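User: Hi! I'm new to this one, could you walk me through it?

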Amino acid sequence: MFEVRVEADFSAAHFLRDYNGKCENLHGHNYKVYAHVRGEKLNEGGMLLDFTFIKGALRSVCKELDHTNLNDLEIFDQNPSAERIAMYIYNKIIALLKEQGLDLSWKEGKEEAVLFAVDVFETETSRARYRAC
């Protein structure tokens with residue numbers, strides 16, 4: 001099994017509803033995001049996937065989120081937890097790459113590259129991961 005990882009970052013504000021603590025107040029993070037691609041089969045060039053594709057998609061999504069109040073984005077239903085952010089980024093990367101003719105969706109038994117997971121770090125020590133498999 002091969003795995004490649006790319007990273008990007010963004011800064012954004014948010015607050016958590018249905019939460020009893022200081023994070024229910026508006027605050028911000030400098031998020032770091034990792035996208036992991038896995039697969040058993042390399043292409044004719046000896047690569048799982050050209051870094052350019054996954055890096056471009058990840059950076060595009062992070063740019064969209066950068067310097068926003070995440071609570072203003074309907075997709076998070078007013079509660080942008082790190083887990084929901086990770087799931088959003090995962091799904092958005094899949095959609096962006098499909099537009100380019102690359103299908104990194106996970107399927108049982110698929111040997112080609114799949115987007116395995118997206119990690120979202122709120123701090124160096126706090127991470128949420130979303131993976132489809």
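Here is a short chat about the sheet, the helices and the core.

Analyst: Happy to. This is a predicted model, where local features need pLDDT of at least 70, side-chain atom pairs count only at pLDDT 80 or more, and totals for chains, interfaces and linings use all residues. Residues are numbered from 1 along each chain as its sequence is written, and side-chain values use heavy atoms, with hydrogens and water left out.

User: Thanks! What is the order of the strands in the open sheet?

Analyst: The four strands go β1-β2-β3-β4, with antiparallel pairing. The edge strands are β1 and β4, each pairing on one side only, and the twist averages 20° from one strand to the next. Strands here are DSSP runs of E with at least two residues, helices are runs of H or I with at least four, and both are numbered from the N terminus. Two strands pair if DSSP finds at least two bridges between them.

User: How many bridges join β1 to β2?

Analyst: There are 13. Along the way, Ser-11 stands opposite Asn-30 in β2.

User: And where does α2 pack?

Analyst: On the sheet, where α2 touches β1, β2, β3 and β4. Its direction makes about 145° with that of β3. Contact means heavy atoms within 4.5 Å; axes are lines fitted to C-alpha atoms, for helices over the stretch in contact, and angles run from 0 to 180 degrees between N-to-C directions.

User: Which residues of α2 are buried?

Analyst: Among them are Ile-85, Ile-89, Ile-93 and Leu-97. Buried means under 20% relative accessible area, exposed over 50% and partly exposed in between, using a 1.4 Å probe and protein chains only. What covers the buried residues of α2 includes α1 (51-65) and β3 (114-123).

User: Which residues touch the most other members of the largest nonpolar core?

Analyst: Those are Ile-54, Ile-89, Ile-93 and Leu-115, out of 33 residues. The largest share of this core, nine residues, comes from α2. Such a core is a set of buried Ala, Val, Leu, Ile, Met, Phe, Trp, Tyr and Cys residues joined through side-chain atoms within 4.5 Å.

User: New topic: where is Glu-40 found?

Analyst: Glu-40 sits in the loop between β2 and α1.

User: Why does Glu-40 count as partly exposed?

Analyst: Because its relative accessibility is 47%. Leaving aside neighbours within four places in sequence, Glu-40 is in contact with Met-1, Phe-2 and Glu-111.
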